[in-house]
Each structure stands twice: as C-alpha cells, then as structure tokens.
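Let's take a walk through this one together, starting with a helix and then stopping at a couple of individual residues. Have the viewer open as you read.

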Amino acid sequence: MPVPAPLVELLDAHRVAYPSPELVFTNSVGGPVGRPSFRTRVWKPAIRRAGLPERLRFHDLRHSYATWLVSDGLPPNIVQRIMGHEDVTTTLSIYTDVPQDYVDRVDNV
C-alpha cells in the first residue's frame, strides 16, 4: 500500500534512532515484535484510547482502507492492485464492505 511522504519521513527518523538491518520495529533485544506482545502493549491500549470496539483486529485496517478507496470512487481493479490481491473478487468480496450511506441511498430511491 502507498505510504504518505510524512509517514516515510517519520519511519526514516525512527530507523536512524533505532537501527536494525532487517526490521523497522524490534522488541527490547532487537528481534521481531511478537504478535501477542504488540496486541497487548500497543494495539489494545490504542483502540481503547480511540474508543473503538475491543474486537477490532489490526488486520481490519486493511479492510477499512479498501472500503474507503472503493467508497471514494477508485475503480476496484486499481484497489486490487494497491492491496496486492491476485483477483479483484478477493478485494470486493472479502476486503470491502458496503458503506451504510450507500445502503441508505438505495433505501431512499
């Protein structure tokens, strides 16, 4: 997925401050951050602070991103390429949801 320039700058600064030849983020001994540790120490506190549902998974961000792109009018085949899916069917049937305002538009016709 494309990374905005301001985020690239932040990641570059992070890599300078915390150099690692292969990893952007590491645990306290320089290894990969474990999924359970990330979920407990970073993800769950962040979703609580944001007032989001506890059931929200990190991977759900990809689904939201795909839905936003399609909702903003980006053609599904372009969203498929951005998401790295082999088939547009995966993008449309698994990664995108129908936004409520679309449903409301149909209901009001």
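How many residues does helix α2 have, and what does it reach from its first C-alpha to its last? Keep in mind that this is a predicted model. Helix α2 runs over residues 35–49, so to speak a stretch of 15 residues, and it reaches 20 Å from first C-alpha to last. That is close to the 21 Å expected at 1.5 Å a residue. Still, α2 has a kink of about 35° at Trp43. Once α2 is done, Gly51 follows, and its phi is positive, near 75°.

Now hop over to helix α4, residues 76–83, where you'll find Met83. Is Met83 buried or exposed? Its relative accessibility is 5%, and buried means under 20%, so Met83 counts as buried. Who does Met83 touch, leaving aside residues up to four places away in sequence? The list is Met1, Arg62, Tyr65, Ala66 and Tyr95. Pro21, for its part, is 62 residues from Met83 in sequence and 26 Å from it in space, C-alpha to C-alpha.

Last stop: Thr91, which sits in helix α5, residues 88–95. With a relative accessible area of 0%, Thr91 falls under the 20% cut-off and is therefore buried. Skipping residues up to four places away in sequence again, Thr91 touches Val79, Gln80, His85 and Thr96. Two of those names, Val79 and Gln80, take you back to α4, which covers residues 76–83.

Key: Residues numbered from 1 in each chain as written. Predicted model: local features only at pLDDT ≥ 70, side-chain atom pairs only at ≥ 80, totals over all residues. Heavy atoms only, no water. Helix = DSSP H or I, 4+ residues; strand = E, 2+ residues; numbered from the N terminus. Expected span 1.5 Å × (residues − 1). Bend = angle between axes of the 7 residues up to and from the residue. Buried < 20%, exposed > 50% of the residue type's maximum accessible area, 1.4 Å probe, protein only. Contact = heavy atoms within 4.5 Å.
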